[in-house]
Amino acid sequence: MFSFHKSSGLFATTCCGILLASMPFVASAEQAGHYGYGESATDEQIAAWDIDIRPDGMGLPEGSGSVDEGMAVYETHCASCHGSFGEGMGRYPKLAGGEGSLDQDRPEKTVGSYWPYASTLWDYIHRAMPFFAPQSLSDDQVYALTAYVLNLNYIVDGDFVANKETLPKVEMPNQDGFIWDDPRPVVNNERCMKDCKGEVTVSDSAEGKNLTPSTTGPLDEGITE
Amino acid sequence: MLGKLRRLNRDVPKVALEESERLPSAERRRFLRNGLFTAGGAMVGGALAGIAPRALAATQYPPEIPSWTRTLGAGVVTDPYGVPSPFEKEVIRRNVPWLTADKVSSISFAPLQHLKGIITPNGLFFERHHAGRPEIDPQLHRLMIHGLVERPIILSMEDLQRFPSVSQINFIECPANGGMEWRGAQLNSLQFLHGMVSCAEWTGVRLSTLLQDVGIKPEGKWLLAEGADGAAMTRSIPLEKALDDVIVAYAQNGEALRREQGYPIRLVVPGWEGNTHVKWLRRLEVGDKPWMQREETSKYTDLMADGTAHGFTWVMEAKSVITSPCPEMPLRGKGIHQIEGLAWSGRGKVKAVDVSVDGGQNWQKAQLREPVMSKSLTRFSLEWKWNGNPALLQSRVIDETGYVQPTLAQLRQVRGTNSIYHKNSIQTWQVNADGSVVNVQLS
């Protein structure tokens, strides 16, 4: 609040101090419907926007799709970026492979090697893929693509048909690979102030690696690989 | 003259120079000097490149009276929406082209080396988009709140602004900040190493106010937040956090959110992974279980050396970094220097910051600059007399929970080198005898 008169500002402070103490309406903000703004959402409106799928299958729509049907859709809409076998083109993500690599030096996290739930695949393809045209595929196409990507990872057989009954039953290889309770803090340094370590050795330096774009001048488009 | 100058400034510098050719010589000199600051960097770097810049600049030094003192400046509303001086044109967000397949699902880094205080200017706030930055008409944008609630609703942006508002200063950090350095030192730049953190004053409605108004059913335990972008970005958030300090923000540092920051509305989830602060928010659903979305399973989970992964690692643990000197801001000569930096913690306030100039053998307590706020950036400084010898600079934050920022070796020992996210270890800057500064790692 701006005021050109200093005295009125002072008045406002004292007046509101008294008012606040005697006005009960602040407390009732806790009650449901106190403000009541907005319009109520109809079932139809909610159904159109509520697109999330849970591991237990909640949210999966009617419809179905087979591995074979998925192959055709995949070739048309996905292979250009993710590769015909899910191997990933350029820096686009791999969708298949990487089994047994998670504890290796160069882990490959894919749908097959890493993802804990098959429901996430349906959910994500439907909401975000194909990259340039998200939410453009039909539910049947998404079922078919889900079946196909699972098959590329040898998680389902070639005769698998994905629908709202079969998909939640699919067990992903890395389902038990996650701890969903944050264990941190797992590292806690000590606050030593004097003579904290004997020797200091520089083990690596960024100097001369030529990986750093320029931080002066216009945007540096140079280093791409 | 003023009219002429204004017209000239809109032309390309080369044309401007030719035009100046036609002015009488005294006028011409004045025009060129004026051009130096009115047309700014473009002229310095472009048409005037042929004229030795030092000679020109020197004419403004004492005893000379600077040209800008002897002329009139630009009038009000020359820039109805103000922009930085053209001399600041290098202070910009930057990206690392080799990091991502394209710029649509990508990251840009805030120029921390140039920033002062703790607030990130809106145009320099780091960006992370998964499907690009949508252009949303706020008149047409709606927020739906549904699921396990008594009264599912759809709110317009005007509805939202009728609720009582709150403002709070919070940092947002992408958990992948510094994630390129797990295996070794790669990038030689403060901006690229740590620029995925920014801090702003956020104004909006407390999520608890909204949720209480629609009435949460007793079974409600989780919240799903979803964006209206092409990624329809989603994250599951426990209701406990949602009802604690989360806000649905519509303003950033006093003005409407920038598009890159989620215009017209975003979630601000203080202290938690940047990705949970869902931008372009369009939907909030209350449920009894988490949804296990792609961004909380395939991504934003931390792979340990044994092949198991930690999920729901939401909190950004305490971290600090020296911002001056740094690779972009080398030391200019021996003598007194103010070592400065930023510290923050997703668990609360910064309690202390220590600085070492010998690679962590000995530490000195730095000074914390007010204000020190919970889940906000905090600036620290320490005066240091540099004798010109090589040095290894480090900073180490201690937050109000007593957590002490770990060394890289300690972090690697427990987390391996494959976890990508949550690399909050101590940064080491090697100062060379010539004052240059290099990103190094200690064993």
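The model is predicted: local features need pLDDT of at least 70, side-chain atom pairs count only at pLDDT 80 or more, and totals for chains, interfaces and linings use all residues. Residues are numbered from 1 along each chain as its sequence is written, chains are lettered from A and ligands numbered from 1 in the order in which they are written, and side-chain values use heavy atoms, with hydrogens and water left out.

**Chain A overall**

- Chain A contains six helices and five strands; helices (H or I, at least four residues) and strands (E, at least two) are DSSP runs, numbered from the N terminus.
- Along the sequence, these elements of chain A follow the order α-β-α-β-α-α-α-α-β-β-β.
- Of the 225 residues in chain A, 37% are buried, where buried means under 20% relative accessible area, exposed over 50% and partly exposed in between (1.4 Å probe, protein chains only).
- In chain A, 54% of the contacts between residues at least 6 apart in sequence join residues at least 24 apart; a contact means heavy atoms within 4.5 Å.

**Helix H5 of chain A**

- Helix H5 (residues 119-128) of chain A is mostly covered, with ten of its ten residues buried.
- The buried residues of H5(A) include A:Trp122, A:Asp123 and A:Arg127.
- These buried residues of H5(A) pack against helix H6 (139-152) of chain A, and also against strand S7 (222-227) and strand S8 (234-238) of chain B.

**Aromatic contacts**

- Over all chains there are 19 aromatic pairs; rings of Phe, Tyr and Trp (its six-membered ring) pair if their centres lie within 6.5 Å, and planes under 30 degrees apart count as stacked, over 60 as edge-to-face and the rest as tilted.
- A:Tyr35 and A:Tyr37 form a tilted pair, 5.7 Å centre to centre with 40 degrees between the planes; A:Tyr37 is buried, at 14% relative accessible area.
- B:Phe312 and B:Trp314 are stacked, with 4.9 Å centre to centre and 20 degrees between the planes; B:Phe312 is buried at 5% relative accessible area, and B:Trp314 is buried at 12%.
- One aromatic cluster is formed by A:Tyr114, A:Phe178, A:Trp180, B:Trp222, B:Trp272, B:Phe312 and B:Trp314.
- A:Lys109 lies over the face of A:Tyr114, 5.1 Å from the ring centre; a charge sits over a ring if NZ of Lys or CZ of Arg is within 6 Å of the ring centre and within 35 degrees of the ring normal.
- In chain B, B:Arg347 lies over the face of B:Tyr403, at 5.5 Å from the ring centre.

**Cysteines**

- The count is one disulfide over all chains, a disulfide being a pair of cysteine sulfur atoms within 2.5 Å.
- A:Cys192 and A:Cys196 form a disulfide with their sulfur atoms 2.1 Å apart; the torsion about its S-S bond is about -100 degrees, so the disulfide is left-handed.
- A:Cys192 is partly exposed, at 24% relative accessible area, and A:Cys196 is partly exposed at 28%.
- The sulfur of A:Cys81 is too far for a bond from the closest cysteine sulfur, in A:Cys78, at 8.9 Å; A:Cys81 is buried, at 18% relative accessible area.
- B:Cys174 is in no disulfide, the nearest cysteine sulfur, that of B:Cys199, being 16 Å away; B:Cys174 is buried, at 5% relative accessibility.

**Annotated domain in chain B**

- UniProt, in an unreviewed entry, places the feature "domain: Moybdenum cofactor oxidoreductase dimerisation" at residues 313-428 of chain B; UniProt positions are given in the numbering used here, feature names are shortened, and annotations may be inferred rather than shown by experiment.
- Over residues 313-428 of chain B, the chain is 7% helix and 40% strand, with the end C-alpha atoms 25 Å apart.
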